[in-house]
Amino acid sequence: MFDQTIEPIDTCGCGDIGYLTTRTIPIDLNHGVGYIDKVPVYNCRSTNCTEYTLPSIVSRRLEVIAEQMEESLSTEAVYTWETHQAPSSMDPFKLTSNQSLLQAFTLQFSNREYADAHVVLIVPGQAIFFRSTLEDDEYYLLNYEPETHTDGTWFSFHKFYYEQPQLTYEDFIEWSNDGHLKEIGHVILEEVEETLIDEFGDWT
């Protein structure tokens, strides 16, 4: 069971700062080359950079998935945190751990763009940051709220203005303690996508 978190920032394979994202990774199998989709990696976000770095816990998980692929003679799989699922049933929304579900849920937003905003930072299992495409210093935060005393999985939705050229999670935490966030409301997990489309427009 996956019960650890992955840091949102590390180092890209090119040596620059790497931001957590997901991509399809080729993997050598006994029966040929296979591909695993939605693998968490660190990349510098440069469109010209094909390098990336795998978090160590992800590397270990890939070995398990590769073994499962070899047993089933499969060449395609989707990365999940569960170690006991077969490749044919790898669905990130059928995880038994709430933390695992949240990790998978937040990571699916990697590189996502809407008409009026795009994702600029993900803290797996916790938060998704959006930057407005209409105003450079306008941001939004969808943040998991574990203390909500109601049924279901809830997120708070905030708007804020940030004038620094680069949004990093560490700087944001220190800066946001001074009350810079304006709460828009609370959203249950099942209504997050509808809420984001209402706020930012359709995917592009």
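Reader: Hi! How many nonpolar, polar and charged residues are in the lining of the largest pocket?

Author: That lining has 7 nonpolar, 7 polar and 4 charged residues, with Asp, Glu, Lys and Arg taken as charged and Gly as polar. This is a predicted model, where local features need pLDDT of at least 70 and side-chain atom pairs count only at pLDDT 80 or more, while totals for chains, interfaces and linings use all residues. Residues are numbered from 1 along each chain as its sequence is written, and side-chain values use heavy atoms, with hydrogens and water left out.

Reader: Thanks! What volume does the largest pocket have, and which residues are closest to its centre?

Author: Its volume is about 320 Å³. Of the 18 lining residues, Thr21, Arg45, Ser110, Asn111 and Val119 are the closest to the centre. A pocket is an open set of points on a 1 Å grid where a 1.4 Å probe fits, with protein on both sides within 12 Å along at least five of seven lines, and lining residues have an atom within 4 Å of a point.

Reader: Which strand gives the largest share of that lining?

Author: E5 does, with 5 residues. Strand E2 (17-29) and strand E5 (117-123) each supply at least two lining residues.

Reader: Let's switch to Arg112. Where is it, and is it buried or exposed?

Author: Arg112 is in the loop between helix H2 (98-107) and E5. Arg112 counts as buried because its relative accessibility is 7%, and the cut-off is under 20%.

Reader: And which residues does Arg112 touch?

Author: Beyond its neighbours within four places in sequence, Arg112 is in contact with His118, Val119, Glu193 and Trp203, with contact meaning heavy atoms within 4.5 Å.

Reader: Nice. Which residues touch the most other members in the largest nonpolar core?

Author: Phe109, Phe130, Phe155, Val192, Leu196 and Phe200 do, out of 22 residues. Such a core joins buried nonpolar residues through side-chain atoms within 4.5 Å. Another core, of 14 residues, lies apart from it and includes Ile25, Val39, Val41 and Ile65.

Reader: What does Phe109 touch away from its sequence neighbours?

Author: Not counting residues up to four places away, Phe109 touches Tyr114, Val119, Ile122, Ile128, Val192, Glu193 and Leu196.

Reader: Last one: where is Ser176, and why does it count as buried?

Author: Ser176 is in helix H3 (residues 169-176). It counts as buried because its relative accessibility is 15%. A polar atom of the Ser176 side chain lies 3.2 Å from the backbone oxygen of Ile173.

Definitions and conventions
Grid points are joined across faces, edges and corners, and a volume is the space filled by probe spheres set on the points. Helices (H or I, at least four residues) and strands (E, at least two) are DSSP runs, numbered from the N terminus. Buried means under 20% relative accessible area, exposed over 50%, partly exposed in between (1.4 Å probe, protein chains only). A polar contact is a pair of N or O atoms within 3.5 Å; within protein, one must be able to donate a hydrogen and the other to accept it, and residues adjacent in sequence count only if both atoms are side-chain atoms.
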